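Hi,

Here is the structure I promised to pass on. Have a look first, and then read on for what turned up in it.

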Amino acid sequence: MATFIEICNTVKIFGVPDEAIRLSLFSFSLAGEANRWLHSFKGNNLKTWEEVVEKFLKKYFPESKTTEGKTTISSFHQFPDESLGEALDRFRDLLRRTPTHGFSEPIQLNMFIDGLRPQTKPLLDASAEGKIKLKTLEEATKLIQNMSPSDHAILRD
């Protein structure tokens with residue numbers, strides 16, 4: 001949903017509310033069963049963007065799926081042969097697969113750092129010139145993102 005909103009935010013039409021643009025464009029972001037599901041609402045039964053989001057998430061992300069996704073996210077661990085960048089990509093993918101996870105960004109960052117291998121954490125702390133967990137969300141995220149592209153050789157040992 002976040003990417004869809006970002007795309008919609010690039011479209012501005014004078015006098016047209018953002019919600020109307022989202023409602024108009026949403027069907028173009030869907031395919032197959034999801035598109036048929038959206039078109040199954042006869043007339044204009046879905047009048048607000050909040051209604052669309054609520055019904056879509058209830059249909060495609062039921063509580064059982066959300067619970068399973070939350071468990072997977074909260075038990076994240078870096079694989080032995082996985083670089084920091086690969087681990088970060090995989091963690092972000094887990095978050096995307098469960099958009100209803102409800103974890104705040106600081107909690108997400110802590111779960112990611114806690115799931116890193118013992119060899120990786122001291123390198124992050126060294127790059128942070130102290131404990132990475134004591135940095136602000138923005139500082140810690142930037143450090144991890146800056147280390148990710150060049151960590152393949154260092155963090156695979």
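Leaving aside its neighbours within four places in sequence, which residues is Ala128 in contact with? The contacts are Lys135 and Leu143. Before going further with that residue, a word on the whole chain.

**The overall picture**

Please keep in mind that this is a predicted model. Along the principal axes, the C-alpha atoms fill a box of roughly 60 × 40 × 25 Å.

Of the 157 residues, 34% are buried. The accessible surface comes to about 10000 Å², and carbon and sulfur atoms account for 58% of that surface. Looking at contacts between residues at least 6 apart in sequence, 56% join residues at least 24 apart. On the charge side, there are 21 positive and 22 negative side chains, and the centres of these two sets lie 5 Å apart.

Ala128 is buried, with a relative accessible area of 2%. Ala140 is 12 residues from Ala128 in sequence, and their C-alpha atoms are 7.6 Å apart in space.

Is Glu129 buried or exposed? Glu129 is exposed, at 76% relative accessible area, although its place is also in the loop between α8 and α9. Its backbone deserves a glance too: phi of Glu129 is near 55°, a positive value in a residue other than glycine. For context, most residues other than glycine have a negative phi.

Helix α8 itself covers residues 120-127, and Thr120 is found in it. Thr120 is buried, with a relative accessible area of 1%. What does the side chain of Thr120 join to in a polar contact? The partner is the side chain of Gln78, at 2.9 Å.

Ala87 counts as buried, at 0% relative accessibility. Not counting residues up to four places away in sequence, Ala87 touches Phe76, Gln78, Glu82, Phe112 and Leu116. For one of these, Phe76, the C-alpha atom is separated from that of Ala87 by 9.2 Å, with the two residues 11 apart along the chain.

Phe112 leads on to helix α7 (residues 105-114), whose buried residues are Gln108, Leu109, Met111, Phe112 and Ile113. Which helices are included in what covers them? The cover includes α5 (63-74), α6, α8 and α9 (137-147).

The loop between α6 and α7 holds His101. His101 is buried, because its relative accessible area of 11% is under the 20% cut-off. A polar atom of the His101 side chain lies 2.8 Å from the backbone nitrogen of Phe103. Beyond residues up to four places away in sequence, His101 touches Lys70, Ile73, Leu95 and Gln108; Gln108 is one of the buried residues of α7.

One more residue to look up is Glu19, in helix α2 (residues 18-25). Glu19 counts as partly exposed, with 28% relative accessibility. Which residues does Glu19 touch, not counting those up to four places away in sequence? They are Lys47, Thr48, Trp49 and Glu50. Glu19 and Glu50 are 31 residues apart along the chain, and their C-alpha atoms are separated by 8.9 Å.

If you open the model, you could start with Thr120 and Gln78, whose side chains make the 2.9 Å polar contact, and then turn to Ala87, which touches Gln78 as well. From there, Phe112 takes you into the buried residues of α7.

Best wishes

Conventions
Residues numbered from 1 in each chain as written. Predicted model: local features only at pLDDT ≥ 70, side-chain atom pairs only at ≥ 80, totals over all residues. Heavy atoms only, no water. Buried < 20%, exposed > 50% of the residue type's maximum accessible area, 1.4 Å probe, protein only. Contact = heavy atoms within 4.5 Å. Areas by Shrake-Rupley, 256 points an atom, 1.4 Å probe, with all protein chains shown as cover. Lys, Arg positive; Asp, Glu negative; His and termini not counted. Charge placed at Lys NZ, Arg CZ, Asp CG, Glu CD. Helix = DSSP H or I, 4+ residues; strand = E, 2+ residues; numbered from the N terminus. Polar contact = N/O pair within 3.5 Å; in protein donor to acceptor, adjacent residues only side chain to side chain.
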